[in-house]
Amino acid sequence: MELAIFYAFAALVIGSALLVVSLKNTARSLFLFFIVLFGMAGLFIFALADFVAITQIMVYVGGVLILMIFAFMLSNKELLADLQNTSSKFLSIPNWQSLLLSIGFLAVMSYGIIEWHDNFPQWITENIRQGNIIKSSDNNINQLGIKFMTQYLLPFEVISIFLLAALIGAAHLSRKEDPK
Amino acid sequence: MDSLILNILTPVAIFLFIALFTLFAVYAERKIAGFVQDRLGPMETGKYGLLQTFADILKLLQKEFISPSASDKILFALAPILIFVAVFVGYSVIPWGPNLIPSNTHTGLFFIMAVVSIDAIGILMAGWGSNNKYSLLGSIRAIAQMISYELPVGLSLIAAVMITQTLNLNEIAFNQGLLSSKEIYFLGFWKVNEIGGIFGWNIFQAPHLMVSYAIFFIASLAECNRAPFDIPEAESELIGGFHTEYGGIRFAFLFLAEYAMMFLVAMLGVVIFLGAWNSPLPNIGPAKLADWTTGPVWGVFWTLIKSLFIVAVQIWIRWTLPRFRADQLMTLCWKILIPLAFVCMAISGLWRILIMI
């Protein structure tokens with residue numbers, strides 16, 4: 001049952017992601033992107049990372065995706081037409097970066113598949129033997145909070161400084177110039 | 001197998017409740033509007049117009065599907081479903097009584113916040129799919145408003161969560177009355193575990209949570225796109241905003257979503273701040289009023305009474321206050337509510353360190 005749901009989510013994500021990049025209608029593909037993100041959140045829940053799943057919906061669906069759709073709706077029609085009529089040749093010049101990127105991803109994934117084998121590494125079996133595992137009924141939000149404030153304090157603070165910089169930048173860009 | 005049947009029956013029951021609630025809320029809305037404007041409201045259909053909304057819904061159900069020829073058919077048809085489902089899923093983690101909760105998760109509150117933000121996508125979908133200037137303008141206004149007002153809602157809830165120390169709505173509900181598993185104090189000095197009643201509610205556990213609740217209530221009005229924050233569907237400027245082109249059962253679903261959202265935010269406020277299913281009556285000496293009025297049936301009763309009261313206040317405000325202008329709306333949000341919510345959050349932190357320890 002759970003396996004079936006997992007594969008359903010995976011198929012949903014992959015199918016709609018393929019549609020997102022292949023659809024000509026930009027508006028529809030943006031709304032399809034919502035399904036991709038939602039399916040990804042479902043997959044996170046299968047990894048017992050419910051907090052990450054909800055954060056995914058909150059940040060990406062509630063924030064980033066809405067801003068993307070907003071930008072799309074407010075942008076110039078001719079600019080979008082240009083975007084939609086790019087050449088469909090497979091190996092044209094503007095496509096070489098994406099080709100490089102996809103070959104890179106393919107290499108990483110195939111390396112992963114070659115290296116993969118059925119039995120767990122030693123540290124995982126050790127922890128399972130000691131009962132040191134997360135169950136689906138555990139409350140791991142407290143754990144997350146404690147880890148953020150101790151072990152991962154520096155990355156946490158660096159990210160907050162980064163976000164603050166982005167906020168100040170946005171405020172600076174949107175303010176009115178002095179009419180001197 | 002039993003749990004599977006229960007898991008199917010619960011959403012059906014909640015859906016039926018929402019449908020019934022919407023029917024009566026529309027009637028109440030029109031009657032209260034009539035009272036505020038010194039007229040009678042619906043009087044013709046049935047005794048005192050009681051059957052008016054049933055007649056309305058019958059009319060809506062009979063109508064044919066009409067989609068404008070230039071609209072994006074798929075997005076246009078999907079939007080009402082998405083909007084309703086986004087609100088409906090929010091009900092899955094709200095407790096109705098002691099341990100009467102469809103799904104008891106550790107991330108309940110956070111889940112509601114995330115799911116309700118999907119609503120915005122549905123509104124954008126409806127606005128874009130209709131291919132109509134008024135719809136698009138209405139949906140863009142709605143999104144600008146909803147994204148801005150999500151911040152005060154979130155911040156005021158964080159202030160409360162810092163006091164309760166859990167995101168689990170079931171635990172939050174339990175820790176506000178007689179059945180609390182930890183010590184609760186009225187305003188931080190008077191232990192009220194035995195007394196219960198109104199003194200145990202979160203809103204009275206720390207004085208700044210009253211301000212927090214006021215912020216939450218104002219911002220949640222804006223989240224529901226209701227007057228005085230209804231510029232997204234301002235009839236005099238935009239016809240109907242994002243639902244201009246909708247008719248028949250699709251319009252019925254948009255309407256259902258709006259009223260479901262009203263009840264959802266009312267119930268969320270009740271659960272977080274106003275004692276959830278705990279009785280407002282305290283134990284006074286030998287009169288164990290709180291003991292007598294706590295239990296599964298009483299729990300559902302108190303949740304309903306409190307939530308319906310909040311909904312009534314929402315309706316009352318809608319017909320009393322005039323609509324905000326767009327710039328006043330943003331000023332209220334960014335210059336008043338958000339700084340206040342931040343102050344509340346800071347006080348919560350200090351309260352936690354200095355008084356609750």
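Tutor: A cavity is here a set of points, on a 1 Å grid over the protein atoms alone, where a 1.4 Å probe fits but cannot get out, and its lining residues are those with an atom within 4 Å of a point. The model is predicted, so that local features need pLDDT of at least 70 and side-chain atom pairs count only at pLDDT 80 or more, whereas totals for chains, interfaces and linings use all residues. Residues are numbered from 1 along each chain as its sequence is written, and chains are lettered from A in the order in which they are written.

The largest cavity holds about 160 Å³ of space, a volume being the space filled by probe spheres set on grid points that are joined across faces, edges and corners. Its lining comprises 14 residues, and those nearest its centre are Ile83(B), Asp119(B), Ile123(B), Phe242(B) and Glu258(B). At least two lining residues come from each of helix H3 (73–90), helix H4 (108–130) and helix H9 (248–272) of chain B, helices being DSSP runs of H or I with at least four residues, numbered from the N terminus. Among the contributors, H9(B) gives the most, with four residues. By class, the lining has eight nonpolar, two polar and four charged residues, where Ala, Val, Leu, Ile, Met, Phe, Trp, Tyr, Cys and Pro count as nonpolar, Asp, Glu, Lys and Arg as charged, and the others, Gly among them, as polar.

Notes:
Heavy atoms only, no water. 1 Å grid on protein atoms, 1.4 Å probe; cavity = no way out; pocket = protein on both sides within 12 Å on 5 of 7 lines; lining within 4 Å.
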